[in-house]
Amino acid sequence: MGKQQDVGGPDRQSGSGTTNHPAGEVGADARLALAQDPTTSQMTLIDLASDPSTVVRKAVASRTDAPAQALRTLTRDPDRQVREAVARNSSTSVGNLLRLVKDADRWVRWAVAGNPACDESVRQVMAAAPDKELRGLLAETQELEPELAARLINDVSPEVRERLATATHDPDVITALMADRTARVRKGVARNPRTTAAQRSVLAQDPVVDVRAALVRAVELDEADLERLVDDRSAQVRLAMAKSEIIPSRIREALGRDPDDTVASAARSFRPGAGNSSVVRAPRVGHRRSGTGPGRPGGATR
C-alpha cells in the first residue's frame, strides 16, 4: 500500500512517452490506459482526477498509489461511483474517509465501513450516524472499541443490536444483549459461536421459538440442553434440530420417531452436507454487486 503524498513541481516522465500530454489532447481510451498504467506520474494522475470521463476518474480513484491531492479532489466528484471507489481505496486518508462517511449517497457511506484504513475517529462518526445500515455495518466490526460497542448495545434499531449480538467477541456485550427485550436481538446472540455453555443453556429455554430454533442450528449444545430440546413444545424447534448439521446422530435418531410427521421425515432423510443446516452469514462490508435495480445505485436515491 503506497502512502499518499501531495505532489508539486514539474511533471516527472514515466518513460511511456505519453504522460506529458494534456488529457484533452488524447482520446478517452488512451487517457484510461494512462490512468491504469502503474508507471504514470503522480502529476499526471492529479490532472486525470479532473478528466471529463467518469471511467478515467474512477480508474484514478481506485489506485492505491494515487496522490492525496487527486483523491481529495475525487471525494467531491459528481459521480457516485467515483466517490465510492475512493471510499473503498485502502490508501484513502482518514480525513477523506471522514468526508465520505457523511456522503449523501448511501453506497458511498457503506463503502467507507469496509475500508481497512477506517479508524476509531471514523467509527465514532458511524456510531452517531442517522443511517441505520451504516451503524449495522459498524456493529459487525470484529475489533470494535468497547465504548462504541457499549453505545450500540442501546441502539434504537433492533437490527443494529441483532447484528452486534451475532458478531461481537466481547463477553460483556454478549451478556448485556442476552437480556435484550427484543427477541431478534437474543436470536442474534443465539447464533454467536462465542457464547458460553451457561449462556446457551439460558437461550435453550428462551420463551421465543425463533431464538431456540436459531440456537440449535448454530452452535453445539450440552447433553442436558439437547435432551430438553428434543422434546421441545415447538415443532419448529424440533424441525430445526432435525435439519441441523451439528446435532449428534443419537438426537437425530430420536427425532426420527417424532410425533410430527414433518420433523420425523426430515430427521430420517437428513444427509450431511446436503444444505439442510442454516449458516450464519459473514458480516457485510457495504459491498454491492454491479448493476441497477430496486434498492441499488443507479436507481438509488441520492
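Mentor: The chain exposes about 14,800 Å² (accessible areas come from the Shrake-Rupley method with a 1.4 Å probe, and for residues only the protein chains shown count as cover), and carbon and sulfur atoms supply 51% of that surface. This is a predicted model, in which local features need a pLDDT of at least 70 and side-chain atom pairs count only at pLDDT 80 or more, while totals for chains, interfaces and linings use all residues. Residues are numbered from 1 along each chain as its sequence is written, and side-chain values use heavy atoms, with hydrogens and water left out.

The chain has 302 residues, of which 47% count as buried (under 20% relative accessible area, with exposed meaning over 50% and partly exposed in between, for a 1.4 Å probe and protein chains only). Its secondary structure comes to 19 helices and zero strands, where helices (H or I, at least four residues) and strands (E, at least two) are DSSP runs numbered from the N terminus. Among contacts (heavy atoms within 4.5 Å) between residues at least 6 apart in sequence, 52% join residues at least 24 apart.

Before the close look, a word on confidence. The average pLDDT of the chain (the predictor's confidence in each residue, from 0 to 100) is 87, and 82% of the residues score at least 70. Over residues 1-23, however, pLDDT stays under 50, although the model has 51 contacts beyond four places in sequence for that stretch. Residues 276-302 likewise stay under 50, with 58 such contacts beyond four places in sequence. Where pLDDT is low, the predicted coordinates should not be read in detail.

On the α17 side the contact is made by A235, R238, L239, A242 and K243, and on the α19 side by T262, V263, A266 and A267. Sorted by class, this contact has six nonpolar, one polar and two charged residues; here Ala, Val, Leu, Ile, Met, Phe, Trp, Tyr, Cys and Pro count as nonpolar, Asp, Glu, Lys and Arg as charged, and the others, Gly among them, as polar.

A235, found in α17, is partly exposed, with a relative accessible area of 26%. Leaving out residues up to four places away in sequence, A235 touches D260 and V263. The C-alpha atoms of A235 and P259, which are 24 residues apart in sequence, lie 9.4 Å apart in space. A240, also found in α17, is buried, with a relative accessible area of 5%. Again without residues up to four places away in sequence, A240 touches A213, V216 and R217, and its C-alpha atom is separated by 6.7 Å from that of V216, 24 residues apart along the chain. A213, V216 and R217 fall within helix α15, residues 209-218.

With α9, helix α7 packs at an angle of about 10 degrees, the axes being 9 Å apart, and that makes α7 roughly parallel to α9. This contact is made by R109, W110 and A113 of α7 together with E133, L134 and L137 of α9, which by class gives four nonpolar, no polar and two charged residues.

Note on methods:
Axes fitted to C-alpha atoms, helices over the stretch in contact; angles between N-to-C directions. Parallel < 35°, antiparallel > 145°, perpendicular 65-115°, else oblique.
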